Amino acid sequence: MNITTSKSNHELVYVALVILALVTVGASFLHLAGNENVYLIFGLATVQCLLVAFQYMGLKLEGVMVYGLVIVPLILFAILVFLCIPDISHYPLNLKL
Amino acid sequence: MSQEHHQGFFTKYIFSTDHKMVAKQFLLLALSMAVIGGFYAFLIRWELAYPNQPAPFFGVVTPDKYNAIITLHGTIMLFFVGMPLLNAFPSNFLVPLMIGARDMAFPRLNMASFWMTLLAAGLLVSSFFVPGGPVAGGWTGYAPLSASSEYTGVKMGMVLWIISLALVFIASSLGGINYLVTVVTMRAKGMTYSRVPITVWFLLAAALTFFLAVGPVLAGAFMLLMDNVFGTGFFLPGKGGEPLLWQHLFWFFGHPEVYVLFFPTLGFCLDIFAVFCRKPIFGQKLIIGSTVVAIALSFVVWAHHMFQTGMNPTLVTPFAITTILISVPFAIIYVCMFLTIRNGSISLEPPMLWALGFLATFLVGGLTGIFLGAAGADIYLHGTYFVVAHFHYTMFPSVFFGGYAAVNYWYPKMFGRMLNRTAATIHFVLTFIFFNCVFWPLFIVGMGGMVRRIADPSFYPQYSPFVHLNIFATISAMCLIATQTIFLWNFFYSMKNGKVAELNPYHANTLEWLAQSPPPHGNWGPKLPVVTSGPYEYSKPGETEDWHTQAPSYKGEVIHG
Amino acid sequence: MDNTSTVDHVEYEVEDYTGPAGTTAGRLGVWILISSEITIFAGLLGSYILFRIFHPEWSEESAHLNIVLGTINTILLLSSNFFMMKAASAVEQGNQKKSAKLMLLTIALGLAFLVVKGFEYAAEFSHGEFPSTSTFWSFYFLLTGLHGTHILGGLIAIGILWAHAKNDNLGELKGRVALTGLYWSFVEVVWIFLFPLLYLLREGVAK
């Protein structure tokens with residue numbers, strides 16, 4: 001099974017990625033209220049990442065094992081950050097109160 | 001594909017890509033570093049029993065030297081003895097043989113893995129001789145002590161330690177890639193996943209756990225390196241940093257790491273129990289399921305090492321709960337091990353003795369962990385010798401009882417000779433006795449309040465009741481270390497002078513016993529073995545033999561050369 | 001120490017090594033490597049995020065980064081990745097010389113990325129912005145530095161493949177072009193997240 005020869009839509013993906021990248025930069029100049037800006041920027045980044053992963057890296061053709069290899073580290077990343085937030089991110093602020 | 005290469009000395013022994021030779025290289029590295037680590041253990045115990053008196057072969061162990069010695073003892077024993085002995089050596093030797101492959105998926109990567117580890121060991125040893133001396137921040141390298149040389153006076157030694165660890169972590173990850181890809185893609189015909197021996201499963205579980213856990217500590221290592229070399233402030237409060245972040249990153253790895261060292265021994269013991277009790281493993285699926293649960297849980301228990309650090313108290317209860325929870329899958333595995341032995345026809349050969357010894361001693365380690373995981377009790381016990389005794393009752397059995405079990409069991413296959421059984425038995429009995437004599441008293445002094453990582457107990461009048469226990473532990477430690485010479489003698493002497501081993505001296509089912517002793521380059525004859533049954537068909541009712549090899553059709557043609 | 005024997009002129013049976021879903025051993029190996037690398041960058045990016053949450057004032061320091069150069073770098077890396085994908089396709093189609101040209105483009109764009117980064121570093125140093133200046137700058141230099149070393153490593157690998165391909169000499173290395181492309185795409189993905197985290201969270205974009 002050849003991941004690289006399966007219907008070469010590399011050009012389409014490339015154009016989409018460039019547009020998304022420029023839109024992301026533009027979005028950072030919009031001064032949206034509060035955290036919406038962060039969600040928008042990282043939402044766009046996630047879309048770019050999924051495009052690269054599924055199209056360029058061939059993730060859509062891979063089996064459960066490779067999906068697991070990608071998803072489990074992301075879960076671990078989430079665990080690390082969320083469990084450390086009370087200690088590293090918010091604790092100093094709590095102390096000030 | 002024809003295999004015609006005549007191997008010169010360098011290709012065969014030094015720059016070998018053959019997985020068996022790489023395995024032996026790792027084993028030799030582990031044994032050599034164990035001598036150094038053991039010498040440091042002697043110095044530590046000497047200073048604790050006879051403070052400020054010159055130690056034989058060393059001189060006075062001053063407090064700053066003591067700090068360096070405890071750091072190096074921990075680092076060496078865990079990463080340069082434990083991991084090579086329990087992960088690199090067995091995975092390299094056993095995985096291709098047990099699944100019926102000719103070598104690893106990536107043999108040159110395998111060789112690179114060893115040389116990287118050797119380089120890392122060399123860097124660490126070289127740090128003994130640099131200005132400022134070797135690393136002295138504890139094997140856990142807590143910041144800010146480790147982040148700036150102004151606190152320990154050690155600069156180059158710390159940098160070398162960080163680089164050495166980064167190298168050994170990367171080398172181990174590369175090894176893990178090899179083992180995983182090999183098992184997934186190179187199993188012999190008929191070797192379905194359910195017929196793979198449990199030793200291989202546990203070695204894989206260890207490799208998987210390792211490379212998933214090592215990322216954050218590598219990240220932390222880069223940050224620590226920058227703090228030391230470029231004056232950044234990742235972990236220095238004076239520069240806006242956060243010391244506890246290092247601890248979170250370190251222990252996020254550190255806790256799964258102890259399971260990386262524990263899983264292989266579980267695998268060896270289960271296979272050894274099956275063979276020496278002539279019984280299938282009890283509850284194989286239950287064991288594998290429990291292992292998966294344990295691995296998942298192992299990633300959410302890390303802060304139990306940090307209960308007393310001043311971290312956000314909100315985190316304490318959740319981590320205490322997960323810590324207590326993780327004892328459940330391990331308890332299940334333990335019960336399965338007991339039920340495997342029950343009603344078996346037990347023969348007390350040395351591998352079985354080591355496996356039984358592991359069961360007994362690790363039980364103490366596991367149970368005492370519960371006290372430490374209960375955050376309330378930990379308030380008193382943290383930082384005392386209770387912790388030291390706990391982790392030696394888990395790590396020593398895992399690394400040494402498990403390592404000796406593996407070496408004793410597979411020695412005939414590795415070298416074609418048997419170890420001297422009398423010497424091996426005496427080695428076990430003495431090690432078991434002296435090990436308990438060293439570390440049991442440490443529970444007592446720990447509960448009495450004696451704290452760890454101090455060089456001179458006589459400085460503190462409240463520790464004077466413990467003088468006799470400390471001296472007893474030290475003398476036992478010296479005897480324990482001396483006993484290991486029996487093993488070293490046996491190991492090297494029997495290579496040339498031991499009784500010639502038959503192909504399958506223990507009548508075991510697994511594939512590696514079908515190969516020659518030692519297996520030639522390429523492992524099998526022209527035809528690979530074809531597997532027709534699982535590995536645990538011992539004492540099957542209705543059969544004449546009490547064992548049933550996994551590939552009965554394999555003839556084992558002798559290869560000329 | 002042991003008696004490994006040597007063999008003459010015997011044909012050995014070799015398995016056809018394929019993995020799940022037809023993935024080759026090599027491809028699975030690179031995915032496991034990527035999996036491990038995700039955890040490393042997760043540790044680093046996670047630490048950055050943890051600090052960033054309680055340092056809203058970093059948005060001012062972030063404004064000192066050159067967003068134009070950062071955007072140019074993003075496009076350069078995207079393009080480099082694109083050409084690497086085309087190079088891997090060319091190898092599959094059997095056209096090694098074409099793939100060599102495409103790999104050369106890949107390397108050139110990757111080098112351009114590093115050059116631009118170098119300019120940025122030089123400008124930052126001249127403004128007195130060093131790793132030790134503040135924790136924001138420490139993270140910036142560490143993150144981009146580590147990413148840069150990954151790019152350098154990738155460029156070396158692609159260079160070796162180019163050297164073989166331009167002489168139609170890939171031989172057994174043919175499969176490695178696609179595998180290196182896989183690694184190269186991963187380096188791209190890291191930048192996709194690195195760039196907004198460092199450059200785009202400016203002014204009023206704080207938690």
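This is a predicted model: local features need pLDDT of at least 70, side-chain atom pairs count only at pLDDT 80 or more; totals for chains, interfaces and linings use all residues.
Local features here need pLDDT of at least 70 and side-chain atom pairs count only at pLDDT 80 or more, while totals for chains, interfaces and linings use all residues. Residues are numbered from 1 along each chain as its sequence is written, chains are lettered from A in the order in which they are written, and side-chain values use heavy atoms, with hydrogens and water left out. A search of the whole structure finds 9 cavities of 30 Å³ or more, a cavity being a set of points, on a 1 Å grid over the protein atoms alone, where a 1.4 Å probe fits but cannot get out.

**Largest cavity**
- Its volume, taken as the space filled by probe spheres set on grid points joined across faces, edges and corners, is about 160 Å³.
- Of the 20 lining residues (those with an atom within 4 Å of a point), B:Met83, B:Asn87, B:Ala88, B:Ser172 and B:Tyr179 are the closest to the centre.
- In chain B, α3 (63-99), α4 (107-126), α6 (156-185) and α7 (198-230) each supply at least two lining residues, and α3(B) gives the most, with 7 residues; helices are DSSP runs (H or I, at least four residues), numbered from the N terminus.
- The lining comprises 12 nonpolar, 8 polar and no charged residues, where Ala, Val, Leu, Ile, Met, Phe, Trp, Tyr, Cys and Pro count as nonpolar, Asp, Glu, Lys and Arg as charged, and the others, Gly among them, as polar.

**Second largest cavity**
- The second largest cavity holds about 80 Å³ of space, and among its 14 lining residues A:Ala21, A:Thr24, A:Gln48, C:Thr74 and C:Phe195 lie nearest its centre.
- Both α1 (10-27) and α2 (36-56) of chain A, and α3 (67-92) and α6 (174-200) of chain C, each supply at least two residues of this lining, with the largest share, 5 residues, coming from α6(C).
- This lining has 10 nonpolar, 4 polar and no charged residues.

Technical notes
On a 1 Å grid over the protein atoms alone, a cavity is a set of points where a 1.4 Å probe fits but cannot get out, and a pocket is an open set with protein on both sides within 12 Å along at least five of seven lines; lining residues have an atom within 4 Å of a point.
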